[in-house]
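Could you walk me through this structure, one feature at a time? I'd like to learn how to read it as we go.

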Amino acid sequence: MLVYVIYLNFLERKSNMSKINSAIYEIHHMDSLAARNQWVNRIHPLVKLIITVFYIAVVVSFSKYNIAGLAGMIIYPVVIFQLGDLSFKDSIRKLRIVLPLVCFLGIFNPFFDRQIVTNIGGLPITTGILSMLTLMTKGVFSVLASYLLIATTSIEKLCYAMRLLHIPAIIVTQVLLTYRYITVLLEEANRITQSYTLRAPNQKGVHFKVWGTLTGQLLLRSMDRAEKLYESMSLRGYAGEFYYGNKVPCKGKDYVYLFLWMGLLILLKYIPVITIAGNLFL
Amino acid sequence: MSHIRIEVDHVSFSYEKGNDIIKDISFSTDSHDSIGLIGANGVGKSTLLKMLVGLNLDFRGSIRVADIPVQKHTLPKIREKIGYVFQDSDSQLFMSTAYEDIAFAPRNYGLPETEVIRRVEKALDAVGIPHLKDKQIYKMSGGEKKLVSIATILSMTPDIILMDEPSIALDPKNRRNLIHILNQFDHLKVIASHDLDMILDTCNRTILLANGEIVKDGDTKAILSDQKLLEQHGLELPLCM
């Protein structure tokens, strides 16, 4: 945990933009990515949601020592990064806070599971190391799959897909409005900190004496903005259900995409592609 | 759009007990009125507008819109007839693109998507911003957001337009465009604004508020050329005078 905190501090110092501006920029950038007209962006959102959930379910279902089988699942993120014209480096940068936490999950496994299974270059590989690597890989793949879904599908289309799956309207509306209101909260925080900084030029950060006041102001102003947004929605006929626009049915290419990926993922689950490829070349 | 009116009868309102923001005001409108609501900062212009659409319901007295009393259970009916433009565009716009925001109201009213598309395009053309259709809201300037805000209510084809400081953040060309749009809308309009020149160009009737009360209600030219009256209540003559 100490290492993680030091890592977060390192990230903070490296950044030239303020943290809040950076967070607002990241959210808007994700909206921009999702709004592009790439081929994978045009796939029906329900299909992409189903494939993402299926992919994560298949990844998680691998046994804890089956790192070789799991490695084959990298095919999906690699292909989608290409089809979506997305930058892998960019995704790692955006996920720099979440990924270390995910990798941290299996960090204690080598201490509890010490049976040696093989040696690589003189280094003993225990079942604990295998399970740690498997857990980390599962976490990274799942996070990447979620990132790819959000980077290729707008939040409105995702919510539309969730409604098609008959997820209750109240839950879907919560998801949509939470996403929209995060930027409201961040923008208010940004205004407050900018105003403070411009009038406290010799200070680094915000003095602890005003933390309480500023936090209270942030809460009140965010609640006020959120209420105004709700008023605006009510004045334009909102009655609890969002209508997500053009209800385009799934087309032939969407079904082909869905069944191709599901078939491939099932194949990767039961056929160790990486092992076979390794045996062919070694 | 049909022709309807607003009736405000002995209405008072306060945010805190014992401190009335609006004090016993009464007025009624004709269906073709274009009313400018003017007054110094903090006199209750925005508060009054909000009461007309039921955003502040804890008032004393009676407000009727199209002969429907403004009460909690009648709000959906009343709000279908009224387009309200907030002072702060960031409070009005909450979808990702201009198209989605302008389509929000028509979709909520159950219109088919073909009709939604038609209304959105018509609204964008009316405010002169068809090129902003797919632009993301967060990338827009203050002026562009204000125009999109106006388009969001035009797509509702309202019977009444209420606007709170609509000309803020607009450059001269877009301000002139706004005046043109308002003059083309021949149904009831109530516009709260400090831009007295715009009020002069768009409103036939003006209500001057001070200390929560109606000080003067009458012909726009007569009120806005009365320098003594305006200065007495924290205002000045329009720039063109």
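This is a predicted model: local features need pLDDT of at least 70, side-chain atom pairs count only at pLDDT 80 or more; totals for chains, interfaces and linings use all residues.

Q: Let's begin with the two chains. How many residues of chain A are in contact with chain B?
A: On chain A, 20 residues take part, and they meet 22 residues of chain B. Two elements of chain A each give two or more residues to that side: α2 (19-34) and α12 (211-235). The largest share, seven residues, is from α12(A).

Q: How do the residues on that side of chain A divide by class?
A: You'll find six nonpolar, seven polar and seven charged residues on the side of chain A that touches chain B.

Q: Now chain A by itself. Into which domains is it divided?
A: Domain 1 takes in 21-153 + 249-282, and domain 2 covers 171-247. Taken over C-alpha atoms, the centres of these two domains of chain A are 33 Å apart. Where they touch, domain 1 of chain A gives four residues and domain 2 of chain A gives five residues. The domain 1 side of that contact has three nonpolar residues, one polar and no charged ones.

Q: Next, helix packing. At roughly what angle do the axes of α3 and α10 of chain A cross?
A: Helix α3 (residues 45-61) and helix α10 (residues 155-164) of chain A cross at roughly 75°, and their axes come within 8 Å. Angles of 65 to 115 degrees count as roughly perpendicular, and α3(A) and α10(A) are therefore roughly perpendicular to each other.

Q: Which residues meet there?
A: From α3(A) come Pro45(A), Leu46(A) and Leu49(A); from α10(A) come Lys157(A), Leu158(A), Tyr160(A), Ala161(A) and Leu164(A). By class, that contact has seven nonpolar residues, no polar ones and one charged.

Q: And how far apart are the axes of α3(A) and α13 of chain A?
A: They're 10 Å apart, with helix α13 (residues 252-270) of chain A packing against α3(A) at an angle of about 0°. Anything under 35 degrees counts as roughly parallel, so α3(A) and α13(A) are roughly parallel to each other. On the α3(A) side the contact includes Phe54(A) and Tyr55(A), while α13(A) brings in, among others, Trp261(A) and Met262(A). The contact of α3(A) with α13(A) has eleven nonpolar residues, one polar and two charged.

Q: Let's move to chain B. How many helices and strands does it have?
A: Chain B has ten helices and ten strands. Its radius of gyration is 18 Å, close to the 18 Å that the globule rule gives for 241 residues, so chain B is as compact as a globular protein of that length. Along its principal axes, the C-alpha trace of chain B spans about 50 × 45 × 30 Å.

Q: How should I think about a sheet?
A: Strands of a sheet pair through backbone hydrogen bonds, either parallel or antiparallel. In chain B, an open sheet of four strands runs in the order β2-β1-β4-β5, with antiparallel pairing. At its edges stand β2 (19-28) and β5 (68-69) of chain B, each with a single partner strand, so one side of each is left without a neighbour in the sheet. Inside that order, strand β1 (residues 6-16) and strand β4 (residues 60-65) of chain B pair over five bridges, and Asp9(B) stands opposite Ser62(B) in β4(B). Helix α1 (residues 45-52) of chain B packs on this sheet, touching β1, β2 and β4 of chain B, and its direction makes about 120° with that of β1(B).

Q: In which sense do β3 of chain B and β9(B) pair, parallel or antiparallel?
A: Parallel: strand β3 (residues 34-38) of chain B and β9(B) share four bridges. There, Gly36(B) stands opposite Thr206(B) in β9(B).

Key. Residues are numbered from 1 along each chain as its sequence is written. Chains are lettered from A and ligands numbered from 1 in the order in which they are written. Two residues are in contact if their C-beta atoms, placed from the backbone, lie within 7 Å. Ala, Val, Leu, Ile, Met, Phe, Trp, Tyr, Cys and Pro count as nonpolar, Asp, Glu, Lys and Arg as charged, and the others, Gly among them, as polar. Domain bounds come from an automatic or database domain assignment. Axes are lines fitted to C-alpha atoms, for helices over the stretch in contact, and angles run from 0 to 180 degrees between N-to-C directions. Angles under 35 degrees count as roughly parallel, over 145 as roughly antiparallel, 65 to 115 as roughly perpendicular and the rest as oblique. The radius of gyration is taken over C-alpha atoms; the globule rule is 2.2 Å times the number of residues to the power 0.38. Two strands pair if DSSP finds at least two bridges between them.
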